[in-house]
Amino acid sequence: MKSFKKKIATLSPERQELLRRKLAGASGAKPVHIAPRPDPSILPLSFGQEGFWFLEQMRPGASQNNIPSAFYLYGKIDVKALMNSFRT
């Protein structure tokens, strides 16, 4: 907490006032209501999903999005629970 106060003290008075205003405005924010979609079976893709779809169309079955890694597991392992964690 002390380091945070020190950082604020290094700000110019104008920036300190701006920070105070932003913090005061954040606490008074009203929650936003998000209405459910009329047809939940049809959902638009996100920008990232569109990118993955495009790459899949260019090179079907390519593994450009796979990131291989290895883990060492120590101790008693519940093999059934581990296998279930990899299933979708």
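Q: What percentage of the 88 residues of the chain count as buried?
A: This is a predicted model, in which local features need pLDDT of at least 70 and side-chain atom pairs count only at pLDDT 80 or more, while totals for chains, interfaces and linings use all residues. Residues are numbered from 1 along each chain as its sequence is written, and side-chain values use heavy atoms, with hydrogens and water left out. Buried means under 20% relative accessible area, exposed over 50% and partly exposed in between, with a 1.4 Å probe and protein chains only. Of the 88 residues of the chain, the part that counts as buried is 1%.

Q: What radius of gyration does the chain have?
A: The radius of gyration is taken over C-alpha atoms, and the globule rule is 2.2 Å times the number of residues to the power 0.38. Along its principal axes the C-alpha trace spans about 55 × 50 × 30 Å. Whereas a compact globule of 88 residues would have a value near 12 Å, the chain has 24 Å.

Q: Which pattern does the chain follow along the sequence?
A: Helices (H or I, at least four residues) and strands (E, at least two) are DSSP runs, numbered from the N terminus. The chain has 4 helices and 0 strands, and its pattern, read along the sequence, is α-α-α-α.

Q: Which residues are in contact with Gln16, leaving aside its neighbours within four places in sequence?
A: Gln16 has its place in helix 2, and its relative accessible area of 18% means that Gln16 is buried. Contact is taken as heavy atoms within 4.5 Å. With neighbours within four places in sequence set aside, the contacts of Gln16 are Ile8, Ala9 and Leu11.

Q: Which residues are linked in a network of salt bridges?
A: A salt bridge is a side-chain nitrogen of Lys or Arg within 4 Å of a carboxyl oxygen of Asp or Glu, and by this rule the count comes to 2. In the pair of Arg20 and Glu17 the closest N and O atoms are 3.5 Å apart, and in the pair of Glu17 and Arg21 they are also 3.5 Å apart. The network of salt bridges links Glu17, Arg20 and Arg21.

Q: Why are Arg20 and Glu17 separated by about one helical turn?
A: An α-helix has 3.6 residues a turn, so residues three or four places apart point the same way. Arg20, at 48% relative accessibility, counts as partly exposed, as does Glu17 at 34%. Arg20 and Glu17 are separated by about one helical turn because their spacing in helix 2 is 3 residues.

Q: Which residues make the nonpolar surface patch of about 660 Å²?
A: Patches are made of residues with over 30% relative accessible area and no salt bridge, where like charges are joined within 9 Å and nonpolar side chains (Val, Leu, Ile, Met, Phe, Trp, Tyr) within 5 Å; accessible areas come from the Shrake-Rupley method with a 1.4 Å probe, and for residues only the protein chains shown count as cover. One member, Leu45, is found in the loop between helix 2 (13-27) and helix 3 (47-58), and Leu45 counts as partly exposed because its relative accessibility is 46%. The patch of about 660 Å² is made by Leu45, Phe52, Trp53, Phe54, Leu55 and Met58.

Q: How many buried residues are there among the 8 residues of helix 4?
A: Val79 has its place in helix 4 and, at 52% relative accessibility, counts as exposed. Helix 4 (residues 79-86) is hardly covered, and the count of buried residues among its 8 residues is 0.
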